[in-house]
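Q: Can you walk me through this protein? I'm new to reading structures.

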Amino acid sequence: MKTAALTAKQLGLVSCHDCHHLSQRPQLTDDQQAYCPRCGAALHQRTPNSIARTWALVFAALILYVPANLLPMTISTTLGDQQSDTILSGVIYFMHEGSLGIALVIFVASIFVPMMKILILSFLLLSVQFRSRWRPRDRTRLYRLTDVVGRWSMVDIYVVTIVVALVKLGAIGNIDAGPASGYFAALVVITMLAAESFDPRLIWDALEERDD
Ligand SMILES: [Zn+2]
């Protein structure tokens, strides 16, 4: 099987991480560092230690996912009655109240999306490590999807806290963010960094190798 086109790596071209300027990679020994001719950032043909770093961040995200979902997200007090809600109990609360739309938004943003990001990144990492040649274009699309969704992840925590606060806040009452909110915010940031540290160009390297 032949690849249809030459890759930038085969042509000795390298793209800058910061300004995306494509330049000819100078002939250097291993301990020399190339720099972008336009913005001066360090150039890498492939992000260094991308796989190890992304795995570390994925595992960190997986660990944070547990307290983010098991600990209370909100603690509300109404007339001395204290009630704490986890993300899931918040979802169930809104379903019972007949607010299916709100329940769905919280479920997708806070439970489904972070887990999907962890699963997709793990799948991409394994496929690269096992030098898979399976559907590289679709895998690249999958990566772009997690990257794009990741940019909107910061909304998650606001959705949960603001919506729960708005609806539950009675005439006499008080609502506080529970211990899960800190873990959840960390989870969002860590999954964003994990998506950022994965180098999707690694997906295409396995195809190149066996063609030579
Ligand atoms: Zn540059």
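Here is a short chat about the structure shown above.

Q: What kind of model is this, and how are residues numbered?
A: This is a predicted model: local features need pLDDT of at least 70, side-chain atom pairs count only at pLDDT 80 or more, and totals for chains, interfaces and linings use all residues. Residues are numbered from 1 along each chain as its sequence is written.

Q: How many helices and strands does the protein have?
A: It has seven helices and five strands. These are DSSP runs, numbered from the N terminus: helices are H or I with at least four residues, strands are E with at least two.

Q: What pattern do they follow along the sequence?
A: The pattern reads β-β-α-β-β-α-α-α-α-β-α-α.

Q: How much of the protein is buried?
A: Buried residues make up 23% of the 212 residues. A residue is buried if 20 or more other C-beta atoms lie within 10 Å of its own, exposed if 12 or fewer, and partly exposed in between, with C-beta atoms placed from the backbone.

Q: And what share of the contacts comes from residues 24 or more positions apart?
A: Such residues account for 66% of the contacts with a separation of 6 or more. Two residues are in contact if their C-beta atoms, placed from the backbone, lie within 7 Å.

Q: Now the helices. How do α1 and α6 cross?
A: Helix α1 covers residues 50-70 and helix α6 covers residues 180-197. Their axes come within 8 Å and cross at roughly 160°. Axes are lines fitted to C-alpha atoms, for helices over the stretch in contact, and angles run from 0 to 180 degrees between N-to-C directions.

Q: So how do α1 and α6 run relative to each other?
A: They are therefore roughly antiparallel. Angles under 35 degrees count as roughly parallel, over 145 as roughly antiparallel, 65 to 115 as roughly perpendicular and the rest as oblique.

Q: Which residues make that contact?
A: On α1 they include Leu57, Ala61 and Leu64. On α6 they include Phe184, Leu187 and Ile190. By class, the contact has 16 nonpolar, four polar and one charged residues. Ala, Val, Leu, Ile, Met, Phe, Trp, Tyr, Cys and Pro count as nonpolar, Asp, Glu, Lys and Arg as charged, and the others, Gly among them, as polar.

Q: What about α1 and α3, how do they cross?
A: Their axes come within 10 Å and cross at roughly 155°. The two helices are therefore roughly antiparallel to each other. The contact includes Trp55 and Leu62 of α1, and Met115 and Ile118 of α3. Its residues divide into 13 nonpolar, four polar and no charged.

Q: Where is Phe123?
A: Phe123 sits in helix α3, residues 100-129. Phe123 counts as partly exposed because it has 13 C-beta neighbours inside 10 Å. Phe123 and Arg139 are 16 residues apart in sequence and 9.3 Å apart in space, C-alpha to C-alpha.

Q: Switching to strands. In what order do the three strands of the open sheet come?
A: The order is β4-β3-β5, with antiparallel pairing. Two strands pair if DSSP finds at least two bridges between them.

Q: Which strands stand at the edges?
A: β4 (81-85) and β5 (174-177) do. Each has a single partner strand, so one side of each is left without a neighbour in the sheet. The twist averages 15° from one strand to the next.

Q: How many bridges does β3 make with β5, and with β4?
A: Strand β3, residues 74-78, pairs with β5 over four bridges. β3 and β4 pair over five bridges.

Q: Which residues partner Ser76?
A: Its bridge partner in β5 is Ile175. In β4 it is Gln83. Elsewhere, Thr77 stands opposite Gln82 in β4, and Ile75 stands opposite Asp176 in β5.

Q: Which residue has a positive phi in the hairpin of β3 and β4?
A: Leu79 does, with phi near 50°. That hairpin has two residues between the strands.

Q: What is phi for His20 and for Asn49?
A: Phi of His20 is near 65°, and phi of Asn49 is near 55°. Each is a positive value in a residue other than glycine.

Q: Where are they, and are they buried or exposed?
A: His20 lies in the loop between β1 (13-15) and β2 (22-24). His20 counts as exposed because it has 10 C-beta neighbours inside 10 Å. Asn49 is in the loop between β2 and α1. Asn49 is exposed too, with 12 other C-beta atoms within 10 Å.
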